[in-house]
Structure formats: structure tokens, C-alpha cells
Amino acid sequence: MKMNIKQRIESFLNGNIIDNKRSLARQGHGKLSRTYMEVTGCCFAKGNAFADYIKGNLTFQEYCDANHQPSKEVA
């Protein structure tokens, strides 16, 4: 079954990192960031960190560290 970007992100978050990272890396940075924020309900900074990790701009540890920071969204 072919998965769409939302399904790939959900599968990534459920632990299937390697296969989904390869597929997600073909997507644009902005689309990755926006879709991650939509799937998780997180802030821009966390969505951007996810896209940066997928694109190879952050290590997995840096991505994890970014996701453990308090959200900076304004109410």
C-alpha cells in the first residue's frame, strides 16, 4: 500500500524511522514542516526541526532536543 505524506509522518512517529525518512526526504522542506505541524498539532519550531532532520540539516539528537523544548506558540 502506498502511503501519503501524513501516513508516512504518523508511521515515522510510531517508530518506523529509516524507511519513512528516505521517502519523506523527497518532499519539500515547507510541506514537511506544515504537514508535521498538522499531524502533531505542534508549533512551527518543532515542525521546522522535523523537516530539518529529514533533510539532513539536524542530527536525530538535535531533532529530539527540539521536540522536548516548551512550545513557543502564542495564544
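## Basis of the model

Residues are numbered from 1 along each chain as its sequence is written, and side-chain values use heavy atoms, with hydrogens and water left out. As the model is predicted, local features need pLDDT of at least 70 and side-chain atom pairs count only at pLDDT 80 or more, whereas totals for chains, interfaces and linings use all residues.

## Overall fold

The protein contains 5 helices and 0 strands; helices (H or I, at least four residues) and strands (E, at least two) are DSSP runs, numbered from the N terminus. The order of elements from the N terminus is α-α-α-α-α.

Along the principal axes, the C-alpha atoms fill a box of roughly 40 × 25 × 20 Å. Of the 75 residues, 33% count as buried; buried means under 20% relative accessible area, exposed over 50%, and partly exposed in between (1.4 Å probe, protein chains only). Among contacts (heavy atoms within 4.5 Å) with a separation of 6 or more, 46% join residues 24 or more positions apart.

## Packing of helix H1

Axes are lines fitted to C-alpha atoms, for helices over the stretch in contact, and angles run from 0 to 180 degrees between N-to-C directions. Angles under 35 degrees count as roughly parallel, over 145 as roughly antiparallel, 65 to 115 as roughly perpendicular and the rest as oblique. Helix H1 (residues 5-13) packs on helix H3 (residues 29-40) at about 65 degrees, with the axes 10 Å apart. H1 is thus roughly perpendicular to H3. On the H1 side, Ile-5, Lys-6, Ile-9, Glu-10 and Leu-13 take part, and their partners in H3 include Leu-32, Tyr-36 and Val-39. The residues of this contact of H1 with H3 comprise 6 nonpolar, 2 polar and 4 charged. For these classes, Ala, Val, Leu, Ile, Met, Phe, Trp, Tyr, Cys and Pro count as nonpolar, Asp, Glu, Lys and Arg as charged, and the others, Gly among them, as polar.

H1 and H2 pack at an angle of about 150 degrees, their axes being 9 Å apart, and are therefore roughly antiparallel to each other. Their contact is made by Ile-5, Arg-8, Ile-9, Ser-11 and Phe-12 of H1 with Ile-17, Asp-19, Asn-20, Ser-23 and Leu-24 of H2. By class, the contact of H1 with H2 has 5 nonpolar, 3 polar and 2 charged residues.

## Helix H4 and Phe-44

Helix H4 (residues 44-54) is mostly covered, with 8 of its 11 residues buried. The buried residues of H4 include Phe-50, Tyr-53 and Ile-54. Their cover includes H1, helix H2 (17-24), H3 and helix H5 (60-67). H2 and H4 pack at about 90 degrees, with their axes 9 Å apart. In this packing, Ile-17, Lys-21 and Leu-24 of H2 meet Phe-50, Tyr-53 and Ile-54 of H4. The contact of H2 with H4 has 5 nonpolar, no polar and 1 charged residues.

Phe-44 also lies in helix H4, but is exposed, with a relative accessible area of 56%. Leaving aside residues up to four places away in sequence, Phe-44 touches Ser-33 and Met-37. Just after H4, Gly-56 takes a positive phi of about 90 degrees.
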